[in-house]
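Reader: I would like to go through this chain step by step, from its overall layout down to single residues. Could you take my questions in turn?

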Amino acid sequence: MSEFARPSLEALRQPLEDGHVTIMRGQQVMAFPTRFMLVAASNPCPCGLGGTRCQCTPADLFRHRRRLSGPLLDRIDILMRVERPPAEALRQQIAPRSAEVMERIVAARERQTRRLRGHPESCNAQLTSRQIREVGQVAPSAMRLLAELYDRHTLSARGHTRILRVARTVADLESRDTVGADHINIAASLRLDDAPPLAEAV
């Protein structure tokens, strides 16, 4: 992702936030729907090695990181640092079967459809913060933990809402009606590098 020019990346902000893009040409203004799922990856530095083997200068690192602005990253639901896997993990290659994962996803989407029956929205990703609190069945303990994370990590209001939406989806994947503190913690761990371990949220 960081190989793209910054203006091109910044152009993603409106469609990611609003689900449409507005184009102005001369005296005409046209809006086009742009609801999509963004999946992106970026090396930690220009040389791609990172850590102790990195060959980049401080100036190289600054230019590299500057391409991904805070406002753009704030509009992405899940931000994960993927570390180099140990050799044992590569040998074992332990992962759930695709069919099992698909079954959980289909069931989660069906739960969302039932919960949002009568609303114009069809899935958690389209809900505002107020809508999630009204129809998302969020436990008081979950809201308290989210408030603590909001203050501790100086989250933006947008980041607060995105953690809440991801937590609602995590609960749906577990076939749980109520969003608990454990779901907030999982959602936070998928966005914040120094989120507390799961045991602290129970």
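The questions and answers below concern a predicted model.

Reader: What percentage of the residues in the protein chain is buried?

Author: The C-alpha atoms of the protein chain fill a box of roughly 60 × 50 × 40 Å along the principal axes, and among contacts with a separation of 6 or more, 52% are between residues 24 or more positions apart. A residue counts as buried when its relative accessible area is under 20%. Of the 202 residues in the protein chain, the buried share is 33%.

Reader: Which residue of β2 is the bridge partner of Ile23?

Author: Strand β1, residues 20-25, pairs with strand β2, residues 28-33, in the antiparallel sense over six bridges. The two strands form a hairpin with two residues between them, and Gly26 in that turn has a positive phi of about 60°. Within this pairing, the β2 partner of Ile23 is Met30.

Reader: How many of the six residues of β2 are buried?

Author: β2 covers residues 28-33 and is joined to β1 by six bridges. Despite this pairing, β2 is hardly covered, and the count of buried residues among its six residues is zero.

Reader: At what angle do the axes of α6 and α9 cross?

Author: Helix α6 spans residues 98-115 and helix α9 spans residues 157-173, and their axes come within 8 Å. α6 passes α9 in a right-handed crossing. The contact is made by Arg104, Ile105, Ala108, Arg111, Gln112 and Arg115 of α6 together with Arg168, Thr169, Asp172 and Leu173 of α9. As for the angle between the axes, the crossing is at roughly 115°.

Reader: How many charged residues does the contact of α6 with α9 have?

Author: Among the residues of this contact are Arg104 and Arg111 of α6, and Arg168 and Asp172 of α9. Divided by class, the contact of α6 with α9 has three nonpolar and two polar residues, and the number of charged residues is five.

Reader: Is Asn124 buried or exposed?

Author: Asn124 is found in the loop between α6 and α7. Leaving aside neighbours within four places in sequence, Asn124 is in contact with Gln112, Arg115, Leu116, Arg165, Arg168, Thr169 and Asp172. Because its relative accessible area is 2%, Asn124 counts as buried.

Reader: With the side chain of which residue does the side chain of Asn124 make a polar contact?

Author: The residues in contact with Asn124 include Arg168, Thr169 and Asp172, which also take part in the contact of α9 with α6. The polar contact of the Asn124 side chain, at 3.0 Å, is with the side chain of Thr169.

Reader: How far apart in space are Glu174 and Arg104, C-alpha to C-alpha?

Author: Glu174 has its place in the loop between α9 and α10, and with a relative accessible area of 35% it is partly exposed. Beyond its neighbours within four places in sequence, Glu174 is in contact with His183 and Ile186. Glu174 and Arg104 are 70 residues apart in sequence, and their C-alpha to C-alpha distance is 8.0 Å.

Reader: What is the phi of Ser175?

Author: Ser175 lies in the loop between α9 and α10, and its relative accessibility of 48% makes it partly exposed. Ser175 is a residue other than glycine with a positive phi, and the value is near 60°.

Reader: What is the phi of Gln137?

Author: Gln137 sits in the loop between α7 and α8 and is partly exposed, with a relative accessible area of 43%. Although Gln137 is not a glycine, its phi is positive, at about 55°.

Technical notes. Residues numbered from 1 in each chain as written. Predicted model: local features only at pLDDT ≥ 70, side-chain atom pairs only at ≥ 80, totals over all residues. Heavy atoms only, no water. Axes fitted to C-alpha atoms, helices over the stretch in contact; angles between N-to-C directions. Helix = DSSP H or I, 4+ residues; strand = E, 2+ residues; numbered from the N terminus. Left-handed = near helix turned anticlockwise from the far one by under 90°. Contact = heavy atoms within 4.5 Å. Nonpolar A, V, L, I, M, F, W, Y, C, P; charged D, E, K, R; others polar. Buried < 20%, exposed > 50% of the residue type's maximum accessible area, 1.4 Å probe, protein only. Polar contact = N/O pair within 3.5 Å; in protein donor to acceptor, adjacent residues only side chain to side chain. Pairing = 2+ DSSP bridges.
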